[in-house]
Each structure stands twice: as C-alpha cells, then as structure tokens.
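This briefing sets out selected features of a protein model, grouped by topic. Please consult the sequence and structure shown below alongside the text.

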Amino acid sequence: MLIKNLSPNPANPVYLVEFCSTRLLLDCPLDFGPLLRCCPRHPLLVGEASHQPAAEAEGKAWPGDSARPDGLPFKTVEGVELLDAPPCVSMPFSTKHCPVVWSTVDAVLISSYHAILGIPYLTGCTDFAGRIFATEPSIEFGRQILEDLANSVDQLPHCGKLEDVVKRLREAGHPLADQAENWMPVFTAAQVQSAFDSVQRVSFNQRVQLLNDLLLTPVSSGFCIGGCNWLIESDFHRMAYMSASSQWTCHPLPMSWQALVGCDLLLFNGACLLPGQTPDRSVEDICSALVTVLSQGGSALFPCRPCGVLFDLLESISNHLDAKGMRRYPMYLVSARAKNSLSFADICGEWLSAERQKRLYTADVPFGHAEMLQQNQLQQFSSLGSDFGRQCSQPCIVFATDPCLRLGEAVHLAAAWGRDRPNALFLTDPQFADVQTLAPFQPLAMPVHRFTMDMRMQPSQAADVLSLLRCGRLVMPEAYRRLDCHGGCPVSYSQYLSVMQFPLDSSDQLLELSPALARTEGEVTMGRSGRRRLEPLSEAAKSSGSTGGAVGFGSGSELKPLLAAVESSQTAKPLLTGQLRPEELVRQLRARNFPSAKHELAEDGSWSIFLEVGHQEALITGSAVATHVYCDDEKIRLVVRESLLACLVLV
C-alpha cells in the first residue's frame with residue numbers, strides 16, 4: 001500500500017492512495033489562500049442599506065497606495081501588499097511540483113462539502129476519467145457554496161484577466177510567480193453544474209463495489225450534514241480514511257466508528273489543530289458578546305457560508321435573545337443561495353441527529369430557522385439591493401457571504417460598518433480568522449470577535465476514539481505529532497509530498513473450494529481478525545498418513561481433500577488455446593438445440609449471448625481478457641461447456 005500526502009495544510013487534506021492495484025484520491029478541496037492575497041471586490045454602494053458612509057464602488061481604487069515604481073499589480077494597505085487581480089483560487093497541492101497522472105486515478109472519495117469544492121478543477125482541467133463518490137448533502141451544499149462564489153464574481157465589472165497578472169509577476173521575477181502558476185479563476189456556475197453532475201451519490205453504510213476489487217463504505221463522521229469517513233476493503237485487508245470528524249452535540253447524525261474497528265491501516269486527519277476553544281464555548285461567547293453589542297445600539301456582522309454551523313448559530317442566537325427578552329432585534333441572511341440552502345437542510349431528515357429526526361415524525365421541521373422565517377424574525381435576501389435597504393432595521397444581526405471577506409455581500413458591510421465603533425464583526429470560520437483576512441479593511445473602529453467554530457475533535461477526544469479503533473497502523477499528518485492524540489496505536493507521520501509504503505500481510509489468500517471437499521465433512525478453523533479460513537494440512541499431518549477430514553491444496557489455489565490434492569498435483573491438466581469468437585460460439589450452441597442463441601457486440605469490443613430454454617435462462621459475456629458464464633441450470637451449463645470446448649483447441 002502506498003500513501004502520498006498531497007496537501008501542505010493538514011486542515012485541508014488530500015491524499016493519493018494505492019491499495020490493491022487501485023488508485024484513490026481522498027478528498028478534493030480548494031485552497032482559498034490566493035483569494036486572500038487579492039483586494040476585496042464590491043460592485044454596489046451600500047450606504048442606503050447600512051445607513052453609514054458607503055464604501056467605494058468597484059471601478060474606483062480600493063483604499064491604499066496603488067502606485068508602484070515597478071508597475072506590478074499590488075496595492076499596499078496598512079503595510080500589507082494585496083494583489084489588484086481578479087478573484088482566484090487554487091488546489092491545495094502544486095500541479096508543478098506535485099505531478100499526478102490523473103488518468104490513472106480510479107476514484108475520488110469525498111468526506112464533506114468542504115472537501116468537494118475542487119471537483120470542477122478535477123473534471124474540467126485534467127484528464128481524470130474515474131468515478132467520484134459523495135453523499136447527497138456534500139454534493140448539494142458544495143454546489144451552493146461554489147454557485148454563491150460564482151454569482152459574486154458575475155456581479156463584478158470586468159476586472160482584467162488572471163493570465164495577465166500571472167505573466168507580469170513572472171516577467172518581473174516576483175517571489176509569487178511560482179505560486180501564481182497554480183492559480184485559477186473562480187469557477188463559473190456552468191462549470192460547477194457540469195462537474196457535480198458526474199458525482200455518484202451514496203448513502204451512509206452503503207457498500208459500493210469498485211473495479212471488482214474493493215468495497216467502499218461511507219459511515220457518518222458527525223462533522224456536518226452528510227459528512228462521512230470511508231471504509232475501504234479488499235478480500236483480506238481493511239483500511240479506513242477518517243477525515244474531519246466530530247463528537248460535539250449538534251445537528252448532523254452522530255459519528256459512527258464501530259465499522260472502523262480493527263482496520264489494518266487507519267489514515268487519520270480528523271482532529272482540531274487549535275485545541276482549547278470548543279464549539280460549545282464559542283457559542284456561549286458569541287451570544288454573550290452579541291447581547292453587549294445590541295444593547296449599545298450596534299449591529300453585528302457574521303461573514304459566513306449559507307450552510308454548516310450557520311444552522312446551529314441561528315437557533316442558538318435566537319434562543320439566547322428570547323431568554324434575554326431581546327427578540328425584537330431582527331436577523332438577516334444575505335446570500336444568493338440562502339433560500340436553496342435552508343430549504344435543502346429541512347429535507348435532510350435521514351442525515352440528521354435522532355432528536356431532529358423525531359421532529360419530522362411529528363410533522364414538524366427539523367431546524368428552527370423555518371419558524372423564524374414564518375415569524376419574520378429571520379429574513380433572507382439574495383443581495384444587498386433595494387429590498388434589503390428598505391427593510392433593514394438597525395440594530396440588527398446580519399449573516400452574509402463570504403467568510404474570506406474578498407467576495408460577496410459581507411465585503412460591503414465590513415467596509416461600511418467598520419468605521420462605527422458600536423458595530424461588531426464576528427469571525428467564526430477557522431479558515432478565515434487571521435490578520436490577513438482583515439488587512440484590507442484596516443483601520444477598523446468596530447471590535448472584532450474571533451470565536452472560531454471548529455467542529456473537529458479535540459486531541460483528547462481523538463485519542464479516546466483511536467484507542468477504541470485498535471488499528472494495526474495509524475497514519476496522521478506531521479502537524480499532529482505535537483497533539484499526542486494517537487491513542488496508543490503504532491503511528492507513522494506523513495509529510496507534504498512524502499510517499500509512505502506499508503507492506504500488507506499476504507498470509508491470507510482467496511481460495512476456491514472444490515465440489516469434492518464441499519461434500520466431505522471437515523473442520524473449519526478461524527483465521528486472524530475473525531475471518532473464516534480453511535488452512536492447509538501441516539507437513540506432520542501429511543506424513544502421519546491420517547487424512548480423515550483434512551484438506552490440502554490442489555493445482556492453483558483450489559482446496560481439495562488431501563489425497564485428491566496429491567493425486568491431481570502429479571497429473572498435468574490439459575490446456576486449451578485459441579481465440580474465442582462469439583459467432584462460432586453461437587453456431588455451436590445452435591447445433592446443440594439452442595436455436596434462439598444470438599450475440600450482441602458492445603462499443604468496447606465486449607460481447608454477450610443470452611440463452612432461454614423454457615423457464616431457465618443463461619448469460620455468456622466475453623471480452624479480450626475474460627469469458628463469464630452465468631447459469632443456474634446444470635444441464636444448460638454442461639451444453640455451454642461443450643460448446644466452448646468445441647471453439648478451442650486442446651493441447
């Protein structure tokens with residue numbers, strides 16, 4: 001087994017795994033680092049909506065020093081250089097320094113909607129032709145996020161070409177030139193739709209067969225709606241991929257770890273890298289700070305995406321305001337895909353916790369936002385247009401896209417409200433809670449509250465779970481070494497672009513049970529890990545002459561009674577040669593009283609022959625490498641066997 005770590009960021013994992021001659025890509029997220037290097041883009045004035053001095057409209061210079069003697073497309077804001085470039089993203093790995101032959105990748109396994117955002121790159125910019133597996137919520141919420149970003153870009157006036165910016169950086173020999181080679185524009189809505197149409201939907205605990213070699217099973221990770229870990233099984237080996245996982249009590253179906261117990265290898269990437277600030281504590285701090293902001297006459301801005309922890313935040317804040325007698329303060333959700341996202345969440349019953357599923361059985365909705373919408377406590381808008389301006393009542397709470405603060409409606413409000421101290425900005429996304437996110441908006445008068453909502457397991461929780469899984473080998477990122485969360489399992493740490501090789505125990509092998517042995521009585525012993533395995537007779541038993549009930553190996557990997565196995569090993573079996581042509585096989589079948597036999601050719605050169613005699617049926621399929629006969633009737637099977645032998649030459 002080979003494992004290659006393709007991501008330098010353990011919070012945004014990508015792995016390439018070769019398991020039993022099958023190549024799997026585990027997760028396909030996007031890196032928003034390039035977008036954070038760009039100047040924010042905002043196409044509309046927001047003065048009417050915010051009742052504050054408006055930020056400058058797109059087409060005018062974002063505040064900062066725009067003149068540079070070298071002519072490079074940079075602006076300096078509070079000492080921070082920002083690219084004056086079209087919005088762009090990249091894959092977590094460098095396509096230049098991390099070459100992957102995409103045509104050899106057999107399948108992609110997606111663990112959450114965070115990890116599916118790079119699929120348009122994979123299907124549109126490479127020669128990948130494999131299968132992609134994800135749960136329905138991961139597909140739909142990932143689609144909403146990308147379409148929201150695409151809509152934000154569509155609203156912008158033309159802001160140049162990314163290729164021109166990259167060319168200028170390369171010609172000037174700028175340090176960013178190498179990174180910029182991997183940047184790409186934000187995907188369009190059409191690209192997103194085309195890419196996501198090719199993803200195959202799977203359900204929790206559904207077993208999917210891949211290439212007749214592996215069985216894939218997604219199990220709930222508890223991280224988000226539809227979030228899953230993957231169990232990957234061959235005939236004799238089991239490995240698991242445990243991505244972002246959670247044990248916190250929230251809306252998704254709880255984490256299911258029982259199916260992962262006893263794996264030969266566990267690839268673990270599910271712990272929080274910033275331990276200490278738990279989601280429960282963050283919600284308490286958010287509610288407490290929010291009460292203070294509203295009491296002082298200020299408004300609160302939450303840059304966020306239209307899914308995920310938003311569902312819990314809406315309920316928690318509403319309940320807290322009710323308890324404090326502050327229900328009069330309205331909440332607004334501003335996103336081009338807000339309505340679609342909230343509606344889809346309400347029909348995700350099978351993916352939700354047992355408590356929320358019970359609400360569906362009583363003809364209720366699983367989330368509180370439906371009731372909030374009915375009572376007008378929560379209002380949703382697709383953009384900061386005239387309707388929002390007329391209906392917005394301050395002080396208020398606004399949830400607006402995007403948490404990166406480079407695109408979307410949050411850019412407008414952050415630029416306008418940031419000058420007024422009573423207002424406040426709440427950063428809850430752990431991916432966008434650093435100084436770089438706020439650099440273009442400095443100096444900010446309003447306070448900034450960083451209460452990150454990282455739903456992944458704390459190191460202590462991860463250690464407890466891993467100790468229960470009792471895996472043969474644990475593999476985790478190098479950054480997890482300091483967390484000490486291996487749970488006592490033998491552990492290996494992977495580094496960026498490192499290739500790790502793990503030999504698989506080959507003491508087990510797939511055996512064919514001969515009919516002669518099936519008719520005899522013999523003992524069946526239990527192999528390692530509780531698997532049933534018929535074991536060959538020891539040399540001592542063979543020499544003793546006691547063969548009652550014992551088994552041995554015949555030619556190949558067929559199990560036979562020991563005496564028959566010894567006799568067959570001394571006699572060479574005849575061999576057949578020649579090319580099996582379907583036309584000749586049909587002729588032989590018709591000569592043996594199968595007048596309805598006919599063959600059908602497929603585009604890939606394979607063929608099939610269907611036989612029907614009375615109520616009995618048989619199917620013969622063939623290709624350049626194999627021929628298969630599917631038949632329940634012994635008489636028909638013998639006739640097919642004779643016909644096949646007549647088409648070949650005995651040597």
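In which loop is threonine 452 found? Threonine 452 is found in the loop that runs between strand E21 (448–450) and helix H16 (459–469). The model is a predicted one. The protein comprises 21 helices and 33 strands, and 52% of its 651 residues count as buried. Among contacts in the protein with a separation of 6 or more, 68% are between residues 24 or more positions apart.

**Surroundings of threonine 452**

- Threonine 452 has a relative accessibility of 18%, under the 20% limit, and therefore counts as buried.
- Leaving aside residues up to four places away in sequence, threonine 452 touches Gln277, Ser282, Leu427, Thr428, Asp429, Pro430 and Ala433.

**The seven-stranded sheet**

- Seven strands form an open sheet with mixed pairing, in the order E10-E8-E7-E3-E2-E1-E24.
- The edge strands of this sheet are E10 (199–202) and E24 (499–501), each of which pairs on one side only.
- From one strand to the next, the twist averages 25 degrees.
- Helix H4 (residues 136–154) packs on the sheet and touches E8 and E10; the direction of H4 makes about 95 degrees with that of E8.
- Strand E8 (residues 131–135) pairs with E10 in the parallel sense, over four bridges.
- Within this pairing, alanine 134 has arginine 201 in E10 as its bridge partner.

- E29 pairs with strand E30 (residues 607–613) in the antiparallel sense over three bridges, and the bridge partner of leucine 601 in E30 is tryptophan 607.

**Packing of H20 against H21**

- Helix H20 (residues 582–590) packs with helix H21 (residues 634–647) at an angle of about 130 degrees, and their axes are 9 Å apart.
- The two helices H20 and H21 are therefore oblique to each other.
- The crossing in which H20 passes H21 is right-handed.
- On the H20 side, Glu584, Leu585, Gln588 and Leu589 meet Val640, Ser643, Leu644, Ala646 and Cys647 of H21.
- Sorted by class, the contact of H20 with H21 contains six nonpolar, two polar and one charged residues.

**Backbone features**

- Most residues other than glycine have a negative phi, and most peptide bonds are trans.
- Aspartate 27 is not a glycine, yet its phi is positive at about 75 degrees.
- Aspartate 27 belongs to the loop between strand E3 (22–26) and helix H1 (33–36), and its relative accessibility of 1% is why aspartate 27 counts as buried.
- Asparagine 593, also not a glycine, has a positive phi of about 70 degrees.
- Asparagine 593 lies in the loop between H20 and strand E29 (599–601); with 70% relative accessibility, asparagine 593 counts as exposed.

Technical notes: Residues are numbered from 1 along each chain as its sequence is written. This is a predicted model: local features need pLDDT of at least 70, side-chain atom pairs count only at pLDDT 80 or more; totals for chains, interfaces and linings use all residues. Side-chain values use heavy atoms; hydrogens and water are left out. Two strands pair if DSSP finds at least two bridges between them. Axes are lines fitted to C-alpha atoms, for helices over the stretch in contact, and angles run from 0 to 180 degrees between N-to-C directions. Contact means heavy atoms within 4.5 Å. Angles under 35 degrees count as roughly parallel, over 145 as roughly antiparallel, 65 to 115 as roughly perpendicular and the rest as oblique. A crossing is left-handed if the near helix is turned anticlockwise from the far one by less than a right angle, and right-handed if clockwise. Ala, Val, Leu, Ile, Met, Phe, Trp, Tyr, Cys and Pro count as nonpolar, Asp, Glu, Lys and Arg as charged, and the others, Gly among them, as polar. Buried means under 20% relative accessible area, exposed over 50%, partly exposed in between (1.4 Å probe, protein chains only).
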